[in-house]
Structure formats: C-alpha cells, structure tokens
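Please look over the sequence and the model below before reading on.

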Amino acid sequence: MKVAVFNTKRYEKRSLEAAAVDKGIEFSFFEPRLDATTAALAMGHEAVLIFVNDVASREVLEKLAAGGAKFLATRSAGFNQIDRDAAREFGIALAYVPAYSPNAVAEFTIGLILTLGRHIHEGHNRVRRADFNLEGLCGFELRDKTVGVCGTGRIGTNVIQLLSGFGCNVLAYDEEPNEEVMLMASYVDTREELFRFSDIITLHVPLMPSTFHLIDAPALALMKDGVFIINTSRGALLDTPAVVDAVKSRKVGFLAIDVYEEEASLFFEDRSSDILSDDVFARLLTFPNVIVTGHQAFLTDRALRNIAETTVQSLTEFDAGLPCSHLVPSR
Ligand code: NAD
C-alpha cells in the first residue's frame, strides 16, 4: 500500500520505517505539512499520515479523496485538526493513536512545574554565565499545594499518580469522573470550583467547542492571585491575550505552556533567523515567570516507537480489510 506521510521529521521517519519492515507498506515521506497547497502530493496514495498541525479541513479532505485517499491517520492522540464530518462524506476512514504514552506527557507536565517553580532554567542559565548569585531564585515546594487537574483521562490520571508522590492535595474535574482518580484526588463538581481553589492548574482536556478558551478573562478572575497554570494539551484551551494580561497584572504568577493557539505557523521548525510576527507569542517570551516549549511533551523514545507501531497496525488492518482498532470516534 502506498502511504503519503506529511510533516515528516527525521526522528519519526526512522521509527515508522522500523515498524513497517515486511508489512507491504511503501512510504512517501514529505516534509511540508498537509494543507490545501500540498494535498496534491498525496495523489495516487491510498493512505495519508498527518500530525497535530497539519490541516485536514473539508477542502483538503476533498482533494485527498479526489487523489485516491481512503484512509487518513494522525500520529497523535488529539484529532481536533480533522473535519470528521467531511471525512465521512468523502469516504475517508480516520485513525489516531489514542494512548502512545500518556506517561510521557504527564512526566513532562511535572517537569514544567518543577522547572518553573524552582527556577531551574534560570539557575542553569546563570551558572553557564558563571553567575552564582541566588537572588531571585527562591522557589516553592509542591508539598501541601492544591493542584487542580482539569481532565482526568489517560494523561490527567497519570499526572495525578505522579503528583500523589509529592504530597499535594489534588482536586480533579472531568465530565466523566473515573474511579481510579477518586482514590487519589477529590473531584469537584464544576471547573469554576477547580479554578477557585487551586494553587496550580494543569489542563488535560481535548480541544473541542466546549473547551475552547476554557481559560479566559472571566475564568482567570475566579483564580487565586499568583496562580500557576500549565497547558500541555492544546493551545486554544487558553485565550492567550487574556492570559498575557493576567501575567502582566500578576494574577498569574507562573505559566508553563507546551502548546500555543497559533503554533501551526511556528512550531516544529527552526525559525531562529526569522522575524517573529506574532506579538502575543513574542510577549510571552519576555516574562521571567513563563516558560514555553514547542509541543515536545510527547517526545520520548517509547512514545515514538508506540506511535509508529500503532499507526502501522492501523495501516495494515485497513489494507487487509479488517476493522481498525484505533478509529477516531465519530462524535
Ligand atoms: P483522554 O481522552 O484520555 O482524556 C480527556 C479527558 O477529558 C476525558 O476524561 C474526558 O472525559 C475529559 N473531557 C472532555 N471534555 C471535557 C470538558 N468539556 N470538561 C471536562 N472534561 C472533559 O485524552 P488524553 O490522552 O488524556 O489527552 C488529553 C489531551 O492531551 C489530548 O486531547 C491532546 O490534545 C493533548 N496531548 C498533548 C500532547 C503534547 O505533546 N503536548 C501529547 C498528547 C496529547
């Protein structure tokens, strides 16, 4: 089967090739991301692989279908970049990788909390300049802090497991509470309650209409002064300009983000020689109490292997006419 791979990075190419040995898959690796201008590259390929910032809109899916695509798989746990209704209409089956390593994102989330809460990044920078002054590096301890986990699916549950070891009080909110979490955390009934009572708030819900700009100005107004917000889920969960204002007014004391609403035109490429045109993003980079990483929370050796193996499993099932084990939920 001929498979077009968009947004190919070297680290992923290796793991995909390793997982596909002797599986009858012929990959065409393309560096550009999928959008209306690049969809034609997939002409003559039965299957298409994408990643988080590719565009699988109605227009693009129509072009893919016209080029012969019948199957599209995202090498990610989130699938908000795909127009599922359009895919159904054009007869393109959809697969994803629901759980390649929730622990990878959970550990990274804890890493962000510790890095920013203890100024480890700043300490590292100072020592490299032979500046051993500790002024301004006083941090806080996680023990006895109240951490609010919004979304207790695979990643949120892992975060709660890890937080339990730090002696935090964990509050949790989810539309569908799960029993495992009830043993480690206290569920609150509304996300407003979570916002009101947490010292640290970490987001692990998917991006969908009900979670778009989950943290906006009214939500920020409910929070404790100096609240610590972490977003390793999807950028558009935050109304970023409102959050920037809250950092400026010191309502938000710490902000750690691995994702950004407008990341599609920024992340995953070396832009160090470019002029940044996104003023909101540029402002974020000026704060000493904000850290930004470029959507790297997923990136571990285990996660890459699991992403490749699950994706190749989906491709071989589709090729053999078998039911796909990892179909994107229709709604
Ligand atoms: P999951 O489906 O296992 O869990 C999501 C949870 O959110 C579910 O328990 C669901 O009930 C809950 N939820 C959905 N809508 C809600 C709402 N409106 N209010 C409250 N709860 C709601 O997903 P997961 O594997 O834990 O992943 C969570 C998200 O993390 C993904 O959707 C993806 O966007 C993001 N992610 C980011 C990276 C990264 O590298 N930064 C990697 C993987 C996943």
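What follows is a short report on a predicted model.

## Overall form

Taken along the principal axes, the C-alpha atoms fill a box of roughly 60 × 50 × 35 Å. The secondary structure consists of 12 helices and 12 strands.

Buried residues account for 51% of the 331 residues. When contacts between residues at least 6 apart in sequence are considered, 66% of them join residues at least 24 apart.

## Surface and charge

The accessible surface of the protein is about 15800 Å², and carbon and sulfur atoms contribute 51% of that area. The side chains include 32 positive and 45 negative ones. The centres of these two sets lie 3 Å apart.

## The seven-stranded sheet

Seven strands make up an open sheet, and the pairing is parallel. The strand order is β8-β7-β6-β9-β10-β11-β12. At the edges are β8 (186–187) and β12, each of which pairs on one side only.

Strand β11 (residues 252–257) stands between β10 and β12 in the order of the sheet. How many of the residues of β11 are buried? Six of its six residues are, so that the strand is mostly covered by the definition of buried as under 20% relative accessible area.

On one side, β11 pairs with β10 (residues 227–231) in the parallel sense over five bridges. In this pairing, N231 stands opposite I257 of β11. With β12, strand β11 pairs in the parallel sense over three bridges. There, the bridge partner of L255 is V290 in β12. As a general point, the side chains of a regular strand alternate between the two faces of the sheet.

Where is P288 placed? This residue is in the loop between α11 (279–284) and β12 (290–292). The relative accessibility of P288 is 68%, so P288 counts as exposed; the cut-off for that class is over 50%.

Which residues does P288 contact, leaving aside its neighbours within four places in sequence? The contacts of P288 are then L116 and H121. D319, by comparison, is 31 residues from P288 in sequence, and the two C-alpha atoms are 51 Å apart in space.

## Two loop residues with positive phi

D22 has a phi near 65°, a positive value in a residue other than glycine. The residue is found in the loop between α1 (10–19) and β2 (26–29). Is D22 buried or exposed? With a relative accessible area of 79%, D22 is exposed.

A130 also has a positive phi, about 60°, although A130 is not a glycine. The loop that holds A130 runs between α5 (120–128) and β6 (146–150). The relative accessibility of A130 is 53%, so A130 counts as exposed.

Conventions
Residues are numbered from 1 along each chain as its sequence is written. This is a predicted model: local features need pLDDT of at least 70, side-chain atom pairs count only at pLDDT 80 or more; totals for chains, interfaces and linings use all residues. Side-chain values use heavy atoms; hydrogens and water are left out. Helices (H or I, at least four residues) and strands (E, at least two) are DSSP runs, numbered from the N terminus. Buried means under 20% relative accessible area, exposed over 50%, partly exposed in between (1.4 Å probe, protein chains only). Contact means heavy atoms within 4.5 Å. Accessible areas come from the Shrake-Rupley method with a 1.4 Å probe; for residues, only the protein chains shown count as cover. Lys and Arg count as positive and Asp and Glu as negative; His and the chain ends are not counted. The place of a charge is taken as NZ of Lys, CZ of Arg, CG of Asp or CD of Glu. Two strands pair if DSSP finds at least two bridges between them.
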